[in-house]
Amino acid sequence: MTLTSGRFIGHEYDRMIVRFSMHDGAREIPCAISTSAMDDLEGGPQVKPDQREAQFIRLRDRIEACAASKYRATEFEGSPPGLVLRGIDFRS
């Protein structure tokens, strides 16, 4: 099944990640992306913590496409299993 957009959950400053979700039908898939990966995608300076949600929204299409690719490859991590995106996931 194809993943669809879920919700923005929040920025976790201490872990330097942004948490979000995607959906496989009715099943919610927990996801996260490192803030350094988001900064690399934009190619600019590191954004402030209160700007992470806006940054995620700007990059959402690229982030979700990468998450969908990892989902198809069943590259889950953690407990409960989820998708974690890092800068290396966006390199070709």
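Reply: Among contacts (heavy atoms within 4.5 Å) between residues at least 6 apart in sequence, 37% join residues at least 24 apart. This is a predicted model, in which local features need pLDDT of at least 70, side-chain atom pairs count only at pLDDT 80 or more, and totals for chains, interfaces and linings use all residues. Residues are numbered from 1 along each chain as its sequence is written, and side-chain values use heavy atoms, with hydrogens and water left out.

Me: What makes up the secondary structure of the protein, and in which pattern along the sequence?

Reply: Helices (H or I, at least four residues) and strands (E, at least two) are DSSP runs numbered from the N terminus. By that criterion the protein has two helices and four strands. Their pattern along the sequence is β-β-β-α-α-β.

Me: How do you know whether the protein is as compact as a globular protein of that length?

Reply: The radius of gyration is taken over C-alpha atoms, and the globule rule is 2.2 Å times the number of residues to the power 0.38. For 92 residues the rule gives 12 Å, and the radius of gyration of the protein is 12 Å, close to that value, so the protein is as compact as a globular protein of that length. The C-alpha trace spans about 35 × 30 × 20 Å along its principal axes.

Me: How do you know which strands pair, and what makes a strand an edge strand?

Reply: Two strands pair if DSSP finds at least two bridges between them. The four strands form an open sheet in the order S1-S2-S3-S4, with mixed pairing. S1 and S4 are the edge strands, since each pairs on one side only. On average, neighbouring strands of this sheet are turned by 25 degrees against each other, direction ignored; here axes are lines fitted to C-alpha atoms, for helices over the stretch in contact, and angles run from 0 to 180 degrees between N-to-C directions.

Me: Which residues take a positive phi in the hairpins?

Reply: The hairpin of S1 and S2 has four residues between the strands, and Met 16 takes a positive phi near 55 degrees there. In the hairpin of S2 and S3, with two residues between the strands, Gly 25 has a positive phi near 65 degrees.

Me: How do the helices lie on the sheet?

Reply: H1 lies across S1, S2 and S3, running at about 70 degrees to S3. H2 lies across S1, S2, S3 and S4, running at about 125 degrees to S1. Within H1 (residues 35–42), Thr 35, Ala 37, Met 38, Asp 39 and Leu 41 are buried. These buried residues pack against S1 (4–12), S2, S3 and H2 (52–72).

Me: What makes a set of residues a nonpolar core, and which members touch the most others?

Reply: A nonpolar core is a set of buried Ala, Val, Leu, Ile, Met, Phe, Trp, Tyr and Cys residues joined through side-chain atoms within 4.5 Å. In the largest one, of 19 residues, Leu 3, Phe 20, Ile 33, Met 38, Ile 63, Leu 83 and Leu 85 touch the most other members. S2, S3, H1, H2 and S4 each supply at least two residues of this core, and the largest share, seven residues, comes from H2.

Note on methods
Buried < 20%, exposed > 50% of the residue type's maximum accessible area, 1.4 Å probe, protein only.
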